[in-house]
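This note sets out points for a colleague who is new to the structure shown here. Please read the points alongside the sequence and the model.

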Amino acid sequence: MGQLEDPRQAAQKTAEDTFGGFMNWSKWTVYGSLAFFLAVASCNFGVETREGKTGSQYDGSVYAPSNLNGCKNFKCP
């Protein structure tokens with residue numbers, strides 16, 4: 001008959017294998033996140049700044065308080 005493996009040694013080996021896999025997964029997740037951030041940052045985060053830009057501008061008239069009817073500081077007479 002073969003010699004049975006000690007449960008502590010089996011648990012230690014499983015823990016080391018699992019930890020190694022977790023560290024490998026974490027490392028590649030961080031590398032992927034950094035690569036994504038650098039790619040997005042190199043494109044100016046999608047903000048259009050050149051001539052002929054389309055839709056990413058601020059339009060203050062949308063947020064203008066035009067319905068206050070002369071009220072100042074939200075206190076009406």
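1. A residue is called buried under 20% relative accessible area, exposed over 50% and partly exposed in between, using a 1.4 Å probe and protein chains only. On that scale, 1% of the 77 residues of the protein chain count as buried.

2. The model is predicted: local features need pLDDT of at least 70, side-chain atom pairs count only at pLDDT 80 or more, and totals for chains, interfaces and linings use all residues. Numbering runs from 1 along each chain as its sequence is written, and side-chain values use heavy atoms, with hydrogens and water left out.

3. Helix α1 covers residues 7–42, 36 residues in total, and its first and last C-alpha atoms are 52 Å apart, close to the 52 Å expected at 1.5 Å a residue. The expected span is 1.5 Å times one less than the number of residues. Asparagine 44, which follows α1, has a positive phi near 60°.

4. The chain exposes about 7,600 Å², of which carbon and sulfur atoms supply 60%. Such areas come from the Shrake-Rupley method with a 1.4 Å probe; for residues, only the protein chains shown count as cover.

5. Phe19, Phe22, Met23 and Trp25 make a nonpolar surface patch of about 490 Å². Patches consist of residues with over 30% relative accessible area and no salt bridge, with nonpolar side chains (Val, Leu, Ile, Met, Phe, Trp, Tyr) joined within 5 Å and like charges within 9 Å. Methionine 23 lies in helix α1 and is partly exposed, at 41% relative accessibility.

6. How many aromatic pairs are counted? The count is one, where rings of Phe, Tyr and Trp (its six-membered ring) pair if their centres lie within 6.5 Å, and planes under 30 degrees apart are stacked, over 60 edge-to-face and the rest tilted. Tryptophan 28 and tyrosine 31 form this edge-to-face pair, at 5.3 Å centre to centre with 85° between the planes. About one helical turn separates the two, because they are three residues apart in helix α1. Tryptophan 28 is exposed at 55%, whereas tyrosine 31 is partly exposed at 43%.

7. One salt bridge is counted, meaning a side-chain nitrogen of Lys or Arg within 4 Å of a carboxyl oxygen of Asp or Glu. Lysine 13 and aspartate 17 form it, at 3.1 Å from N to O. Both residues lie in helix α1, four residues apart, about one turn of the helix.
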